[in-house]
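Welcome! Please take a moment with the sequence and the 3D view before reading on.

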Amino acid sequence: MNFCGFVTSKILHFRGEVLFCVFEILMALGSKNMQNAHLEKNELWKLKGVHEKTPVVHVKNRDGHLLPYLPHLLKLTCSYEQLPPSMTKKVNRLIKLSPHEKMFKLYTEAFRLLSQQQVLTFQKENVRAVNLGYDVNELDSPIMEFGQGYKTNEIYRGLKQSGVYEPSNVTVSYFVDPQLNYDPQKRKEVGCFVKKLESMSEALGVKLNVSDQPRQLYGQLPKDFLKQDNLSYHLKSITDQFRGTVVVVIGTEENIDRAYVTIKKEFGGKEDLMTQFVGFTSSLVTENNIFHLL
């Protein structure tokens, strides 16, 4: 359970302990010093009207330090990182929908919710293209041109037959889930997957230039790195290792489901890094599966 402390504006983890009262805290820290600290921050008003017998709760900051807080200075928060794995899978299925599927889902859910109450009404006819004066036509599948002038409306056939239309180079970096790196067998399988990925990509006309900067992180991240509640905070300290590259995130399916949104937010939204996620299993190391990833 997480709380946001109004005094510090930082995320704090609730310990569920009510061990002291305000009077005991003031005696331990020195009442005058505590009042001076609030006075310097122009926050003395926060102590006004607080009875000396008011119980306080213990919360833990990101550094693991326990802090006594008045309950009314804390606000319960809900973040993606707090969701259990079973819930993140359901959320990710909605997040990763294609634009067409997402629009259909939103449309359906909106009318489902409207049907459960009688106050708001909405007429479907008001959003139909025909009723708004538009002509509705269904387009044929586009013909795409691939390497050596080969044309087809099937992407996979075109790539397998002639590769990409215009060969290029792409600088990539691999962000491997530490849980995989700490398992010798899994680490070996990941290495095999990466080699096949690079080989097949070059055969299709896109050479992958691999950055060696992320190697500095090898052995430095804890095994449960992607499972941490404050993952976004820790990601900020490693983004420099991935700058200027397309980041291929390789992790267990459970950890990818849990960390997907947080990594997208930190790497993509805030650092403008492109990311591609791979939920790794042993069966993934096959030519057919790797091709579909590309």
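The report below looks at aromatic rings and at one helix.

This is a predicted model, in which local features need pLDDT of at least 70 and side-chain atom pairs count only at pLDDT 80 or more, while totals for chains, interfaces and linings use all residues. Residues are numbered from 1 along each chain as its sequence is written, and side-chain values use heavy atoms, leaving out hydrogens and water.

Let us begin with the rings. Seven aromatic pairs occur in the structure (rings of Phe, Tyr and Trp, the last by its six-membered ring, with centres within 6.5 Å; planes under 30 degrees apart are stacked, over 60 edge-to-face, the rest tilted). Phe193 and Phe280 make an edge-to-face pair, with 5.9 Å from centre to centre and 70° between the planes. This pair links distant parts of the chain, 87 residues apart: Phe193 sits in helix α7 (residues 184–203), and Phe280 in the loop between β12 (275–279) and α10 (287–293). Helices (H or I, at least four residues) and strands (E, at least two) are DSSP runs, numbered from the N terminus.

Both partners are buried (under 20% relative accessible area; exposed is over 50%, partly exposed in between, with a 1.4 Å probe and protein chains only):

| Residue | Relative accessible area |
|---|---|
| Phe193 | 0% |
| Phe280 | 5% |

Elsewhere, Phe175, Phe225, Phe242 and Phe267 form one aromatic cluster.

Now to helix α5 (residues 155–162), whose buried residues are Gly158, Leu159 and Ser162. They line one face of the helix, because their directions from the axis to the C-beta atoms fall within an arc of 105°. Lys160 and Gln161 are exposed on the other side of α5. After α5 comes Gly163, with a positive phi near 75°.
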